[in-house]
Amino acid sequence: MAISERRKFLLKTAKAAAAATVGGLVWGVIANESKASPLALRPPGAVDDFLQTCIRCGLCVNECPYHTLSLAKIGENVAYGTPYFVARDIPCYMCEDIPCTATCPSGALDIKSLLNEKEEFDINKSQMGVAVVDHNNCIAYWGIQCDACYRVCPLMDVAITQEYRRNERTGKHAFLTPMVHSDACTGCGMCEHACITSKASIIVLPREVALGKAGTNYIKGWENEDERRLIDVSTDVTTQTDRSEKRVSDYLNNSDLFDE
Amino acid sequence: MNKFRYLIARRIVQVLILVLFIGANIYGWKILEGNLSASFLLGTVPLADPFAVIQMFTAGATIAFDVALGAVIVSIFYAIFGGRAFCSWVCPINIISDGASWFRKILRIDEVEHRKYLGRNARYWMMGVALLLSFVMGVAAFEMISPVSIVHRGIIFGFGLGWGVIALIFIFDLFLVRHGWCSHLCPLGGFYSLVGSNSIFRVKYDVDKCSSCMNCVSICPEKQVLNMVTKMSSFVDNGECTLCARCIEVCNDDALNFSIKSFISKEK
């Protein structure tokens with residue numbers, strides 16, 4: 001049988017499509033792997049969809065006067081080419097003019113999120129991460145006097161406070177232990193950098209990794225503002241059980257509640 | 001020297017751009033800051049890789065004004081003047097690819113085998129897959145694996161294991177396909193081929209002067225663009241021409257030269 005032009009064309013298209021599929025799958029796996037780097041600390045003002053928005057130009061890295069930021073290299077397990085910092089090596093020193101965020105051309109670092117009520121740059125509004133203390137290895141919790149992280153914190157007595165507690169073991173000393181307040185902590189990492197234990201006992205983690213979320217089942221009834229979290233919550237009950245047919249007051253008053 | 005005048009000029013431009021980027025990173029020069037993905041020229045004019053911006057847009061990112069304007073500026077420049085000159089005058093991979101091609105010549109690999117493993121349209125498939133993957137995964141997919149990004153970013157900001165990519169491209173181009181990455185696979189090259197296909201700055205071929213020695217075709221990394229050679233005088237119109245000017249340099253008959261093609265009249 002003669003091989004027609006049509007057959008040739010179909011075969012060629014099928015081959016190209018097959019190659020594109022195979023290549024695309026491998027490519028997708030590689031790219032997806034490199035996307036997963038949940039522990040990297042980003043520059044101040046990083047938006048939620050940072051990986052999507054960052055064009056990886058390195059302008060923020062150029063601007064950083066302390067060489068805090070670097071672009072992720074291959075093999076560093078951070079999404080390739082994106083800016084990040086390792087607080088234990090060089091923390092963010094909280095420049096007042098926030099040059100890294102101000103220079104970002106792609107909107108991945110949003111300077112508007114760091115403006116205060118007077119429309120001035122306010123580095124203290126940044127949320128790069130949150131400090132977490134390892135109570136078992138922090139020597140202040142052993143009762144040995146250390147306040148390195150507390151003293152170095154740019155928001156001393158706000159982001160890190162000292163808690164005083166009696167040391168029952170000696171009977172005449174006090175524990176002076178650091179306590180992080182996640183609502184104020186910016187994640188600059190100066191505490192992790194300053195920590196005197198051989199591996200830092202206070203470390204900075206990305207907020208979405210370290211922080212919990214109460215959800216809408218619990219509300220601080222004593223705070224008017226907190227009720228706002230309920231504004232968009234649906235009140236429809238979607239769970240249907242046998243009891244749903246009766247009113248609550250009916251089945252709670254029924255004596256055989258436990259016999260069902 | 002005359003045989004390499006454009007090659008030397010290209011290397012100077014390629015290295016100069018990298019030196020300016022490195023100077024901005026290390027010494028804070030304000031001439032060209034950033035890298036090939038996005039940068040500021042003289043501290044004010046934004047420039048951005050239009051293909052990266054399109055991928056980001058496909059991935060669903062909100063495109064900020066600076067990179068959008070930068071991408072438009074770069075696109076307009078190449079669409080009107082530059083054609084696909086990015087590939088041979090700016091991209092650092094070009095040096096690797098040309099190096100491998102030179103070694104192929106020394107080792108006489110092309111004389112031993114002529115098999116073609118890979119079509120030149122593969123780059124347009126790569127482009128399509130890049131956009132599809134960007135859409136599906138929600139990140140700029142080619143930017144994740146782009147050897148172009150890895151190499152220029154590596155030179156400016158440090159390599160890590162990125163050296164492997166240079167080796168990979170060199171080996172691929174040397175042993176598997178001549179100009180395998182740049183002229184067959186690279187979706188960025190495919191993108192600039194499309195963007196620059198109507199640019200005015202072109203190589204022009206004159207059949208009357210030509211002695212049909214075919215030096216130009218044998219040196220050309222995109223041989224298909226010289227299909228008019230020995231047949232008729234015309235501009236090298238194909239957008240896949242990278243304006244590397246190797247054909248002009250190797251021509252002993254002055255049959256090939258740079259020329260300006262009128263945008264409107266489409267003279268032949």
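Domain bounds come from an automatic or database domain assignment. For chain B of this predicted model, that assignment gives domain 1 (2–194) and domain 2 (202–260). The centres of these two domains of chain B, taken over C-alpha atoms, are separated by 24 Å.

**Domains of chain B**

- Across the boundary between the domains of chain B, 18 residues of domain 1 are in contact with 14 residues of domain 2.
- On the domain 1 side of this contact, two or more residues each come from helix H1 (5–26), helix H4 (85–90), helix H11 (180–185) and helix H12 (187–195) of chain B.
- H1(B) gives the largest share of that side, with four residues.
- Sorted by class, the side of domain 1 of chain B that touches domain 2 of chain B has seven nonpolar, six polar and five charged residues.

**A helix pair in chain B**

- Helix H5 (residues 93–106) and helix H10 (residues 163–176) of chain B pack with their axes 8 Å apart, at an angle of about 35°.
- H5(B) and H10(B) make a right-handed crossing.
- From H5(B), the residues that take part are Ile93(B), Ile96(B), Ser97(B), Gly99(B), Ala100(B), Ser101(B), Phe103(B) and Arg104(B).
- They meet Ile166(B), Ile169(B), Phe170(B), Asp173(B) and Leu174(B) of H10(B).
- In this contact of H5(B) with H10(B), eight residues are nonpolar, three are polar and two are charged.

**Two residues of chain B with positive phi**

- Leu42(B) is not a glycine, yet its phi is positive, at about 55°.
- The loop that holds Leu42(B) runs between strand S2 (38–41) and strand S3 (45–48) of chain B.
- Leu42(B) counts as exposed because 9 other C-beta atoms lie within 10 Å, and the cut-off for exposed is 12 or fewer.
- Ala245(B) is not a glycine either, and its phi is positive, at about 70°.
- This alanine, Ala245(B), is in the loop between strand S5 (234–235) and helix H14 (246–250) of chain B.
- Ala245(B) counts as buried because 21 other C-beta atoms lie within 10 Å, and the cut-off for buried is 20 or more.

**Make-up of chain A**

- Chain A contains eight helices and six strands.
- Along the sequence, the elements of chain A follow the pattern α-α-α-β-β-α-β-α-β-β-α-β-α-α.
- The radius of gyration of chain A is 27 Å, whereas a compact globule of 260 residues would have a value near 18 Å.
- The C-alpha trace of chain A spans about 100 × 70 × 45 Å along its principal axes.
- Of the 260 residues in chain A, 32% are buried.
- Among contacts in chain A between residues at least 6 apart in sequence, 64% are between residues at least 24 apart.

**Contact between chains A and B**

- Between the chains, 33 residues of chain A are in contact with 41 residues of chain B.
- The elements of chain A that each supply at least two residues to its side are helix H1 (5–35), helix H2 (50–53), helix H3 (59–63) and strand S1 (70–71).
- H1(A) provides the largest share of the side of chain A that touches chain B, eleven residues.
- That side of chain A has 14 nonpolar, 14 polar and five charged residues.

Terms used:
Residues numbered from 1 in each chain as written. Chains lettered and ligands numbered in written order. Predicted model: local features only at pLDDT ≥ 70, side-chain atom pairs only at ≥ 80, totals over all residues. Contact = placed C-beta atoms within 7 Å. Nonpolar A, V, L, I, M, F, W, Y, C, P; charged D, E, K, R; others polar. Axes fitted to C-alpha atoms, helices over the stretch in contact; angles between N-to-C directions. Left-handed = near helix turned anticlockwise from the far one by under 90°. Rg over C-alpha atoms; globule rule 2.2 N^0.38 Å.
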